[in-house]
Amino acid sequence: MRVTVFGIGYVGLVQAAVLAEVGHDVVCVDVDSDKVERLKQGIIPIYEPGLESLVRQNYEAGRLSFTTDAASGVLHGEVQFIAVGTPPDEDGSADLQYVLGVAETIARYMDGHRILIDKSTVPVGTADKVRERVAAVLAQRGCEDFGFDVVSNPEFLKEGSAVADCMRPDRIVIGTDNRDSEEVMRELYAPFNRNHEKIIVMDVRSAELTKYAANCMLATKISFMNEMANLAEELDADIEMVRQGIGSDPRIGYHFIYAGAGYGGSCFPKDIQALIRTADSIDFDAKLLKAVEARNEQQKTILFRKINRHFGSDLAGKTFALWGLSFKPNTDDMREAPSRVLMEALWQAGAKVQAYDPEAMEEAQRLYGNRDDLLLCGTKEAALKGAEALVIVTEWQAFKAPDFDFIKQQLRQPVIFDGRNLFEPRRMARKGIVYCSIGR
């Protein structure tokens, strides 16, 4: 099948590469000419395990191509994915200017029937706006007889495992009431639907809400566990024991019930805010969503508060080793990352940071540039030298079994602030390390 994907950011690039891998002929369109040229050279703009080889192999095989020519992209495929960004507006609502801009572009150049697929995370009612925009442009062209449909097909990718999630999806949600479009979508996704039925067809508005509801549910679980962790500390209980106790209940399960320093990334914070704004727009008070957001914002400050309390609010001139900059492992994404909240609070207090992350060093350099109070180190060991204490913010695999004797030798004080509960407190005590974790 001939497919066009508008937007070669995180979602669009992964989806395009995976569709090409199973044999579809995919053209990717983006306005960023530098990104397009780099992709033609096999240079991937994001870190995602398995993506680089997938893109290169399918580009070399001719099943995947990249262009800035929107007209050729529109003419290429009957199926047109819209996978551009929906950044938060000033009030937190999703900014649809790029989605509607692509819709207008497709309408301007289409020469016959097209199916527009909203892959971007968009508020309920966006398909209606896309449909109106396309119809208006076609009317201007005098091409009202060109048929088209707008389908909602939300993505459920996790950064760090996006390729696997796309190749072996848990479910494929298709929002349409058009039987012909449904059949086209079933053909498109047939290679991913062989073992058992994964396709769930529903109306467009329900599909649009499904994406937000899924992310908000997961964010709620995280904020709930962080609230329990804070309560556990006050009650002298251990949140890790509580986690095992409740996770063993199959109605709850073990996924997304780890206490920590708060969630970040490109999805949860943005989607919580967007759904709250949607609720506000219809005069619905989304009390639970607002509480989830508030708890998470407060949780991102917990490591700084623990550090400040331990050192008696005297942080000026002190240096702290920081392990982990990305918002989660297996990505270089620092959007809304707890590490940023912590570093900026430390700098405000007059402290310095020596940081290491396996993948996010270039992103940290891009975000913060050169500054006297930030040293980006080449190894996790180098970040320790002469630091007052170690702070762990991201649960990278490389941080889970360190040489504790070496850590003690390098630090000025044997102190670890662990925002991800990687170690056992009694073991740390036996090693003579002051261990400050979350909810323990």
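This report describes salt bridges in a predicted model.

Side chains of opposite charge can pair when their charged atoms come close. In this model, the count comes to 33 salt bridges, with a side-chain nitrogen of Lys or Arg within 4 Å of a carboxyl oxygen of Asp or Glu as the rule. Three of them are set out below.

| Salt bridge | N to O distance |
|---|---|
| Arg 131 and Asp 128 | 3.3 Å |
| Asp 128 and Arg 205 | 3.0 Å |
| Glu 395 and Arg 420 | 3.5 Å |

Asp 128 takes part in a salt bridge with Arg 131 and in another with Arg 205. Asp 128 has a relative accessible area of 29% and is partly exposed. Arg 131, at 28% relative accessibility, is partly exposed, and Arg 205 is partly exposed at 45%.

Glu 395 and Arg 420 meet through their side chains in a salt bridge. This pair links distant parts of the chain, 25 residues apart: Glu 395 sits in the loop between β12 (389-392) and α17 (404-410), and Arg 420 in the loop between β13 (415-418) and α18 (425-430). Glu 395 is partly exposed, at 27% relative accessibility, whereas Arg 420 is buried, at 15%.

Elsewhere, salt bridges with shared partners join Arg 277, Asp 280, Asp 285, Lys 287 and Lys 290 into one network.

Key:
Residues numbered from 1 in each chain as written. Predicted model: local features only at pLDDT ≥ 70, side-chain atom pairs only at ≥ 80, totals over all residues. Heavy atoms only, no water. Buried < 20%, exposed > 50% of the residue type's maximum accessible area, 1.4 Å probe, protein only. Helix = DSSP H or I, 4+ residues; strand = E, 2+ residues; numbered from the N terminus.
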